[in-house]
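Welcome! Here is a short briefing to read alongside the structure below. Take a moment to look it over, then follow the topics one by one.

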Amino acid sequence: MDRPRPYVQEGPDEELMRVLYREHAGPLLAYVLRLVAGDRHRAEDVVQETLLRAWRNADRLGGTGGSVRPWLVTVARRIVIDGHRGRRARPQEVDDGPLETLAAADEIDRALRLMTIADALGELSEAHRTVIVETYFKGRTVTEAAHVLGVPTGTVRSRVFYGLRQLRLALEERGVTMP
């Protein structure tokens, strides 16, 4: 059986909160929305926290003769700033679920790729293979490779061009497609 609820007389704090909400919640929400780049949920949370702090400080706010809006705006701005600083101070928390579905870097795939490339390089002529190794795998410029190999830079450019074309064909024969 339902028990009758006792009559609770409203105090000055409750009336102050009604007035604060009625007069300031709308403009405060509009202000906070600009601060949080339009994130409505976050803005509503900030407004709620601001009004909660106003309720906690009702004794100080009730006695002020002027508008409380500057106080509310200041509190809301500080809440937004504190939230921003808090997110920057600690890394974002992530759920382990998506990490379980990601494939880990597999050394077998890398080894197979390297074996396929080495096999395809074996089909190139010695001259073409040497310039590709010097320029692509050792990271030398055409001029540096020409100096190391003792051939003109034009020869290195030509060998790189034709060597890469042969390498592409050799890799395609092995099922490796290149863009």
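Predicted model: local features only at pLDDT ≥ 70, side-chain atom pairs only at ≥ 80, totals over all residues.

**Where H2 meets H4**

- On the H2 side, the contact is made by Arg-42, Val-46, Glu-49, Thr-50, Leu-51, Arg-53 and Ala-54.
- H4 contributes Trp-71, Leu-72, Val-75, Ala-76, Ile-79, Val-80, His-84 and Arg-87 to the contact.
- Sorted by class, the residues of the H2 and H4 contact are 9 nonpolar, 2 polar and 4 charged.

**H7 and its helix partners**

- Helix H6 covers residues 107-122, and its axis comes within 10 Å of that of H7, with a crossing angle of roughly 145 degrees.
- Ile-117, Leu-121 and Gly-122 of H6 make this contact with Arg-129, Ile-132 and Phe-137 of H7.
- The H6 and H7 contact holds 4 nonpolar residues, 1 polar and 1 charged.
- H7 also packs with helix H9 (residues 153-173), at an angle of about 100 degrees and with the axes 8 Å apart.
- That angle lies within 65 to 115 degrees, so H7 is roughly perpendicular to H9.
- From H7, the residues Ala-127, His-128, Val-131, Ile-132, Thr-135 and Tyr-136 meet H9.
- Their counterparts in H9 are Val-156, Arg-159, Val-160, Tyr-162, Gly-163, Leu-164 and Gln-166.
- In the H7 and H9 contact there are 8 nonpolar residues, 4 polar and 1 charged.

- Is Glu-134 buried or exposed? Glu-134 sits in helix H7, which runs over residues 126-137, and its relative accessible area of 6% is under 20%, so Glu-134 is buried.
- Leaving aside residues up to four places away in sequence, Glu-134 touches Gly-139, Arg-140, Ala-145, Val-148 and Leu-149.

- Which residue has a positive phi although it is not a glycine? That is Ala-37, with a phi of about 55 degrees.
- Ala-37 belongs to the loop that links helix H1 (12-35) to helix H2 (40-56).
- The relative accessibility of Ala-37 is 75%, which is over 50%, so Ala-37 counts as exposed.

**The aromatic pair**

- A pair of aromatic rings is described by the distance of the centres and the angle of the planes.
- How many aromatic pairs does a search of the whole structure find? The search finds 1.
- The ring centres of Phe-161 and Tyr-162 are 5.0 Å apart and the planes stand at 85 degrees, so this pair is edge-to-face.
- Phe-161 is partly exposed, at a relative accessible area of 48%.
- Tyr-162 is also partly exposed, at 39% relative accessibility.

Notes: Residues numbered from 1 in each chain as written. Heavy atoms only, no water. Phe/Tyr/Trp six-rings, centres within 6.5 Å; stacked < 30°, edge-to-face > 60°. Buried < 20%, exposed > 50% of the residue type's maximum accessible area, 1.4 Å probe, protein only. Helix = DSSP H or I, 4+ residues; strand = E, 2+ residues; numbered from the N terminus. Contact = heavy atoms within 4.5 Å. Nonpolar A, V, L, I, M, F, W, Y, C, P; charged D, E, K, R; others polar. Axes fitted to C-alpha atoms, helices over the stretch in contact; angles between N-to-C directions. Parallel < 35°, antiparallel > 145°, perpendicular 65-115°, else oblique.
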